[in-house]
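This report describes a single structure for a reader who is meeting it here. Please look at the sequence and the model first, and then follow the headings below.

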Amino acid sequence: MSDIQVMGIVNITPDSFSDGGQFLDVDKALRHSESLIQAGATILDIGAQSTRPGSTWISPNEEIERLSPILERYRSYFSIPLSLDTVNASTALFGIQHGVTMINDISAGTHDPQMMSVAAQHQIPMILMHMQGIPKTMQDNPTYQDVVHEVYTFLENQVQKAKKMGVPSVVVDPGIGFGKTAAHTITLLNQLHVFTPLAPVLVGPSRKSFLATLTGQSDPYRLEGTIASCIWSLYQGATWFRVHDVEAVARALHVACALRKG
C-alpha cells in the first residue's frame, strides 16, 4: 500500500453532516486525531467550515478562530502530515504558518483567486475538487449533460492553472456528493480511471447519502457502503481515500491491495 493515502477526517465544526459538534473542544479534537493516526491514517484533513448540503460560508476569521487552538498544539504531539480543508487563502496561509503541509480546496481554487498563489509561494500541494454551485444550494437540482466530461474538463483546467501558478503538485477529487445526484456519483465512480492521467485521484464517499440511496438503509455511518466504494475506487485507479472510519477502510484496502498484487 505504499502509494495509498488514507486521509482521516477531523471536523472542527458544529454542523458537519456526520460528526458536527463532536470535536469542537481542542482536547477531543487531539484525541480524535490520535485515534485516527493509530487506526492507520497516513494524513489528516482538518476543517472548520461545514460543507454539508445547505450549509453557509463562514468568514475566514471565524475559520481561523476555530482552527487556532488545535493547530497551535498539533505539531507538539504528531508528525503525520496535516491537510487543511478550506477555500480561503488567508485561512490557508494561517494553516501553513502552523504546520499544514497540504491544502484541500473544494472549490479547486475558484472561490479565492489568491489560493493558488499562496500554495505556490509556500510550495504546498493542493487537492482540487469539483463542486457544482456552492454548499448552500448545490443539491437543489444538480444537472449535467455529461457529468464525467464536465467534471474532467473543469479539473483539467484547474490542474493546468495550478501548474502554471507554480503549485508543486496536485491531487484531483471528482467531488462525490458536491452538486451531484446519486446517479451522477455512480457514473463518476464507474469512470474514475478517466481522471488518473490528470493527477492522483482522491475519493470521499465516506458516509455519503448516495450510499443510503443504494442500500435503503438509514444507518448514518454507512460503513459497508463506504468500504465497498473505496475498494471499487481503488480498482478504478484512485489512490487517496478521505474517510471517517479509518481503521476499517485501511484494513479493507490492505487486503484489496494484496489481492491485486497477487
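## Terms and basis

Helices (H or I, at least four residues) and strands (E, at least two) are DSSP runs, numbered from the N terminus. The model is predicted, so that local features need pLDDT of at least 70 and side-chain atom pairs count only at pLDDT 80 or more, while totals for chains, interfaces and linings use all residues. Residues are numbered from 1 along each chain as its sequence is written, and side-chain values use heavy atoms, with hydrogens and water left out.

## Two loop residues with positive phi

Arginine 222 is placed in the loop between H7 and helix H8 (223–235). This residue is not a glycine, yet its phi is positive, at about 45°. Most residues other than glycine have a negative phi.

Arginine 207 also has a positive phi, near 60°, and is likewise not a glycine. Its loop runs between strand E7 (202–203) and helix H7 (209–215). With a relative accessibility of 8%, arginine 207 counts as buried, where buried means under 20% relative accessible area, exposed means over 50%, and partly exposed lies in between (1.4 Å probe, protein chains only).

## Nonpolar cores

A nonpolar core is a set of buried Ala, Val, Leu, Ile, Met, Phe, Trp, Tyr and Cys residues joined through side-chain atoms within 4.5 Å. The largest such core has 69 residues, and within it Ile46 and Phe195 touch the most other members. Helix H5 (residues 147–165) gives this core its largest share, 7 residues. Apart from it lies another core of 7 residues, which includes Met7, Ile43, Val171 and Trp240.

Contact here means heavy atoms within 4.5 Å. When neighbours within four places in sequence are left aside, the contacts of isoleucine 46 are Val10, Ile12, Leu67, Ile70, Leu71, Leu82, Ser83, Leu84 and Asp85.

## Salt bridges

How many salt bridges does a search of the whole structure find? The search finds 6, a salt bridge being a side-chain nitrogen of Lys or Arg within 4 Å of a carboxyl oxygen of Asp or Glu. Side chains of opposite charge can pair when their charged atoms come close. One of these bridges joins the side chains of aspartate 45 and arginine 242 (2.7 Å, N to O). Because aspartate 45 lies in strand E2 (residues 43–47) and arginine 242 in strand E8 (residues 240–243), the pair ties together parts that are 197 residues apart in sequence. Aspartate 45 is buried at 1% relative accessibility, and arginine 242 is buried as well, with a relative accessible area of 18%. A network of salt bridges links Asp45, Asp85 and Arg242.

Another bridge brings together the side chains of arginine 73 and aspartate 27 (3.2 Å, N to O). Arginine 73 belongs to helix H2 (residues 60–77) and aspartate 27 to helix H1 (residues 26–39), so this pair ties together parts that are 46 residues apart in sequence. Arginine 73 is partly exposed at 29% relative accessibility, and aspartate 27 is partly exposed with a relative accessible area of 34%. Within helix H9 (residues 246–261), arginine 251 forms a salt bridge with glutamate 247, and their closest N and O atoms are 3.0 Å apart. These two residues are 4 residues apart in that helix, so about one helical turn separates them. Arginine 251 is exposed, at 56% relative accessible area, whereas glutamate 247 is partly exposed, at 40%.

A cavity is a set of points, on a 1 Å grid over the protein atoms alone, where a 1.4 Å probe fits but cannot get out, and its lining residues have an atom within 4 Å of a point. Grid points are joined across faces, edges and corners, and a volume is the space filled by probe spheres set on the points. The count comes to 1 cavity of 30 Å³ or more, and the largest cavity holds about 30 Å³ of space. Its lining consists of Gln49, Thr51, Trp57, Asp85, Thr86, Val87 and Ile106.

Threonine 51 sits in the loop between E2 and H2 and is buried, with a relative accessible area of 15%. Beyond residues up to four places away in sequence, threonine 51 touches Ile106, Pro135, Met138 and Phe178. Serine 50 lies in the loop between E2 and H2 and is buried, with a relative accessible area of 2%. Serine 50 and arginine 222 are 172 residues apart along the chain, and their C-alpha atoms are separated by 20 Å.

Conventions
On a 1 Å grid over the protein atoms alone, a cavity is a set of points where a 1.4 Å probe fits but cannot get out, and a pocket is an open set with protein on both sides within 12 Å along at least five of seven lines; lining residues have an atom within 4 Å of a point.
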